[in-house]
Amino acid sequence: MTTDPGTSVHFRLQIEGIDLGGFSNCEGLSLQVEVEQRVEGGNNGFVWQLPSRITYSNVRLSRPLTSDSSKVAGFLASLPRKARRGTAQIAALRPNLQDVIAQWSLRDVIVVSWTGPSFDPNNSQVATESIELAHHGFL
């Protein structure tokens, strides 16, 4: 097993066991703990910092259009019939696309946004797509 950090990382997304392919970018794997401050009478040394609500950022994965784009299109086509929360796995992979560097499981995931490519003949940028997931925490 290698312990060197991943210098060129790719991501694989699965929702409810459905493979949606590889992505080149992943943003938003984060959480924020809200803290309530409480002052204790007679204690001038510090203010109590009490954790309360935890919020999770939406996760956004993006990539250039590939043959995997049809997997996302098929998944999105099924949403109107069965839009429900599920479990997702995001794996960070080494450039060989086999070795997993790290993996995150998200609970109660739902797709909240998909953005497809913009085609402009005056602009020679790579056509990309992105998918955004809301979730209720890590497993």
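Start by selecting Ser69, a buried residue with a relative accessible area of 14%; buried means under 20% relative accessible area, exposed over 50% and partly exposed in between, with a 1.4 Å probe and protein chains only. Before you go on, note that this is a predicted model, in which local features need pLDDT of at least 70 and side-chain atom pairs count only at pLDDT 80 or more, while totals for chains, interfaces and linings use all residues. Residues are numbered from 1 along each chain as its sequence is written, and side-chain values use heavy atoms, with hydrogens and water left out.

**Around Ser69**

Ser69 belongs to helix α1; helices (H or I, at least four residues) and strands (E, at least two) are DSSP runs numbered from the N terminus. Show Glu129 as well: its side chain makes a polar contact of 2.7 Å with the side chain of Ser69. Such a contact is a pair of N or O atoms within 3.5 Å; within protein, one must be able to donate a hydrogen and the other to accept it, and residues adjacent in sequence count only if both atoms are side-chain atoms. Leaving aside residues up to four places away in sequence, Ser69 touches Arg63 and Glu129, where contact means heavy atoms within 4.5 Å.

**The sheet**

Now colour the strands. Seven of them form an open, antiparallel sheet in the order β2-β1-β7-β8-β9-β6-β3; two strands pair if DSSP finds at least two bridges between them. At the edges stand β2 (18–23) and β3 (25–27), each with a single partner strand, so one side of each has no neighbour in the sheet. On average, neighbouring strands are turned by 35° against each other, direction ignored; axes are lines fitted to C-alpha atoms, for helices over the stretch in contact, and angles run from 0 to 180 degrees between N-to-C directions.

Zoom in on β8 (residues 100–115) and β9 (residues 128–134), antiparallel strands joined by five bridges. Pick Ile110, whose bridge partner in β9 is Ala134. Helix α1 (residues 69–82) packs on the sheet, touching β1, β2, β6, β8 and β9, and its direction makes about 135° with that of β2.

**After β9**

Which residue sits in the segment after β9? Select His135, found there and buried at 5% relative accessibility. A polar atom of its side chain lies 3.2 Å from the backbone oxygen of Ser57, and the backbone nitrogen of Gly137 lies 3.1 Å from a polar atom of the His135 side chain.

**Last stop**

Finish at Asn122, in the loop between β8 and β9, which is exposed at 75% relative accessibility.
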